[in-house]
Amino acid sequence: MSLACEGLSPGNYNSPPDFQAGHQRIRGIPLGYLHIDGTQMFALAQVLSALFKDIPRAAVSRKMEMLQIRSRRCALPELRTLKALRSVPGRAVRCSLISRADLEALCSSCHSLGPGR
């Protein structure tokens, strides 16, 4: 399910963002996303806590390094939108984003690290 939020300006902040936002189900779990410059981006913190909650962070970080996955910091309007989507905690002062393609590669690679495997 995708909820387009073009022009969403949480809390009526002065500069409207130039991206779309919404929720997308990944492996059955709804994750908030931003559509930036043609790329669907997800909050790395939400990805780690929702999709990889049973896998040690160090193992996920090693997989990211091995796959050469780079996250990028989000800008303040992006952070505000992710807060409005409840993808990051309201107290967060920064966040990192990961692309959908990198997320899918990471999910495939970390599948074998899950519990009971």
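Read along the sequence, the protein follows the pattern β-β-β-α-α-β-α-β-α, which amounts to four helices and five strands. Helices (H or I, at least four residues) and strands (E, at least two) are DSSP runs, numbered from the N terminus. The model is predicted: local features need pLDDT of at least 70, side-chain atom pairs count only at pLDDT 80 or more, and totals for chains, interfaces and linings use all residues. Residues are numbered from 1 along each chain as its sequence is written, and side-chain values use heavy atoms, with hydrogens and water left out.

**Exercise 1. Determine which residues of helix 3 are buried, and how they are arranged about the helix axis.**

Solution.
1. Apply the cut-offs: buried is under 20% relative accessible area, exposed is over 50%, and partly exposed lies in between (1.4 Å probe, protein chains only).
2. Helix 3 spans residues 76-84, and its buried residues are Glu 78, Leu 79, Thr 81 and Leu 82.
3. Viewed down the axis of helix 3, the buried residues fall within an arc of 165°, so they line one face of the helix. The arc is taken over the directions from the helix axis to the C-beta atoms.
4. As background, an α-helix has 3.6 residues a turn, so residues three or four places apart point the same way.
5. The cover over the buried residues of helix 3 includes strand 1 (20-26), strand 2 (29-36), strand 3 (39-43), strand 4 (72-73) and strand 5 (96-99). Contact here means heavy atoms within 4.5 Å.
6. After helix 3 comes Arg 86, which has a positive phi, near 65°.

**Exercise 2. Find the disulfide and state what it ties together.**

Solution.
1. The criterion is a pair of cysteine sulfur atoms within 2.5 Å.
2. The structure holds one disulfide. Cys 74 and Cys 95 form it, with their sulfur atoms 2.2 Å apart.
3. Cys 74 lies in the loop between strand 4 and helix 3, and Cys 95 in the loop between helix 3 and strand 5, so the pair ties together parts that are 21 residues apart in sequence.
4. The torsion about the S-S bond of Cys 74 and Cys 95 is about 130°, so the disulfide is right-handed.
5. Cys 74 counts as buried at 14% relative accessibility, and Cys 95 counts as buried at 7%.
6. Cys 107 is in no disulfide; its nearest cysteine sulfur, that of Cys 110, is 7.6 Å away. For Cys 110, this distance of 7.6 Å to Cys 107 is too far for a bond.
7. Cys 107 is buried at 4% relative accessible area, and Cys 110 is buried at 2%.

**Exercise 3. Describe the packing of helix 2 and helix 4.**

Solution.
1. Helix 2 (residues 57-66) and helix 4 (residues 100-110) pack at about 120°, their axes 10 Å apart. Axes are lines fitted to C-alpha atoms, for helices over the stretch in contact, and angles run from 0 to 180 degrees between N-to-C directions.
2. Helix 2 is therefore oblique to helix 4.
3. The contact is made by Val 60, Lys 63, Met 64 and Met 66 of helix 2 and Leu 106, Ser 109 and Cys 110 of helix 4.

**Exercise 4. Characterise the surroundings of Gln 46.**

Solution.
1. Gln 46 is placed in helix 1 (residues 44-51).
2. Gln 46 is buried, with a relative accessible area of 12%.
3. Not counting residues up to four places away in sequence, Gln 46 touches Pro 30, Leu 31, Gly 32, Leu 51, Arg 86 and Ser 87.

Technical notes: Parallel < 35°, antiparallel > 145°, perpendicular 65-115°, else oblique.
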